[in-house]
Amino acid sequence: MAAPPPTLLDPSIFASLEAKLEEETQIRDTLAQLVQRLDRSVATAQGLLSRVHSTPRSRYPQLVAQVEAAVKDEAAIISELDKVASQHPYYKYNYKWTRSVQHAIGTAIYCAWLGGFPPKAPESEQASEAAASSSSASSKEAEIGRLLTLEEVGAIFSVPTNLKSRDAFHLTIEEYLLSLADLTSDLARLATNAVTLGDFQLPLTISAFVKDLFAGFQLLNLKNDIIRKRADGVKYEVKRVEDVVYDLSLRGLIQRPGAAAGAGGADTVMEAAE
Amino acid sequence: MAGGTKRDYDGNARAKTSQQLPRGRFHAMFENIRDELDEHYDRRERVIKASRDVTAQSKKIIFTLQRVKELNKDFPGDIQKDVDTRLKEIAKLLSPIAADVQSINRYRYGNSLKCLEELVEALSFAHYLRHQKVITPEETQAATPADVLLTPHDYMFGLFDLFGELMRFATVTTAQSGKLVGDHERNILSDIQELGCSFEMLPQIPTKDFRGKMEVMRQSINKVEKLGYGLVVRGSERPKGWVPDTRDDIPRPASPV
């Protein structure tokens, strides 16, 4: 018999596997808690945003201010998430939070669409976070229908976007595109509700915006994945909004470019709300 | 930034068609996004293609290794040669995509790189046959013929698949030699049991994949245990040194009468 018989297993193998598995469980638990908090915060913002359907345009600024605050609450949680997630390979755990982050992005984009997060005057919004938003709320008429870019969303949440060479937390293009698809379906709903509230101009703004987004989606070479599925759905939203615009123009309820404006705009408004 | 190139199924540049589309307000932004997505899709495609071929080569290595008859011996020349050429083939397949799966992209395409589990299975099986030991993660990484990082997950799930190979090897060699192969006062039954216990003691991962692998592992162990049982119960009836005839060229009687 030889001296010490060789063993089957180096004991370090399963010791290290076990340590890794336990670490992963801990990380998943930590992330799950963060994501749960983020989900709650996102739900608050979404709840506020849903009020837009029953809010006349004149009262958007107040609503938008509330949503901005809710988005900042999300941003605080996302920055915690950033700290935890950046310690680990991004794509190992991103399934945990990607949906929640997508919805958070959606609230920021929707808020900006309604006139929130106004761009800084000298056009460079990258520098600091959205600190100016609340103070300058009344400075000038908020622009409706503005689309935040992914980079601008990243600036609002103070996290990087579309990282390629560095392995850290960031917002992805996929999350951004999916949140745009979410936005179109809610804007389609808003188009009808705006009409009910007597706002006949908003559907035109929405129609132009959704069409431009749709044209954008058509530029993508999508594979058979979730983005394609959602992007394909955008055309139905385009149609929904077009139907609203059609209804309005058929009844002469909107100003046509060139045509003289109907004399009593307010009167026609009332009639339309049948 | 200039617009990207659309590519057809084979990856050849395609004439631009986007000009006919209406230029919306967000045209430039979406063109950027398209370039980024194209890059990602192309990369994933390359990884998937390579992965499929590496899987096929790894499986062939395993088939070759199943022809080995003894533990703890150098492989016969033809088997060693076959394994070497296939490993070289794998190196050729993996090297071009090594850059695609570095850093952040290692886990991004982790699902498309399932071939590494298959490779770990082949490497661990070869290691066991040569040394009657379980390969360590470091040895596995060193034996991987390309600059591709093996994750603990690849290693662990590769080892899971080793059970099936050990079971097949045990079945064949036991039938041929009339005993459970093994040296160092261990045999393949005690080895597979020991390895199985180690897996049983790991914290369980609540995924379907993991549970499925555990179940298959238990079945494999069970089959080898039955082999051991059969040897004790029926083995005594066998003449000492009796070996089933493994030559195929013996003409069999045409009919059983």
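These questions and answers go through a predicted model with chains A and B.

Residues are numbered from 1 along each chain as its sequence is written, and chains are lettered from A and ligands numbered from 1 in the order in which they are written. Since the model is predicted, local features need pLDDT of at least 70 and side-chain atom pairs count only at pLDDT 80 or more, while totals for chains, interfaces and linings use all residues.

Student: How many helices and strands does chain B have?
Tutor: Helices (H or I, at least four residues) and strands (E, at least two) are DSSP runs, numbered from the N terminus. Read from the N terminus, the elements of chain B run α-α-α-α-α-α-α-α. The count for chain B is 8 helices and 0 strands.

Student: What percentage of the residues of chain B count as buried?
Tutor: A residue is buried if 20 or more other C-beta atoms lie within 10 Å of its own, exposed if 12 or fewer, and partly exposed in between, with C-beta atoms placed from the backbone. Chain B has 257 residues. The buried part of chain B is 33%.

Student: Is A:Phe117 buried or exposed?
Tutor: A:Phe117 sits in the loop between α3 (90-113) and α4 (150-157) of chain A. Its phi is positive, about 40 degrees, although A:Phe117 is not a glycine. Most residues other than glycine have a negative phi. Because A:Phe117 has 27 C-beta neighbours inside 10 Å, it counts as buried.

Student: In which loop of chain B is B:Ser103?
Tutor: B:Ser103 is not a glycine, yet has a positive phi of about 45 degrees. With 16 C-beta neighbours inside 10 Å, B:Ser103 counts as partly exposed. Its place is the loop between α2 (77-98) and α3 (105-108) of chain B.

Student: Which helices are included in what covers the buried residues of α1(A)?
Tutor: Helix α1 of chain A covers residues 11-50. Its buried residues include A:Ile13, A:Leu34 and A:Val42. The cover includes, from chain B, α5 (137-143) and α6 (152-177), and from chain A, α2 (60-85) and α3.

Student: Which helix supplies the largest share of the side of chain B that touches chain A?
Tutor: Two residues are in contact if their C-beta atoms, placed from the backbone, lie within 7 Å. In these terms 39 residues of chain B are in contact with 37 residues of chain A. On the chain B side, α1 (27-65), α3, α6 and α7 (188-200) each supply at least two residues. The largest share, 10 residues, comes from α1(B).

Technical notes
Expected span 1.5 Å × (residues − 1).
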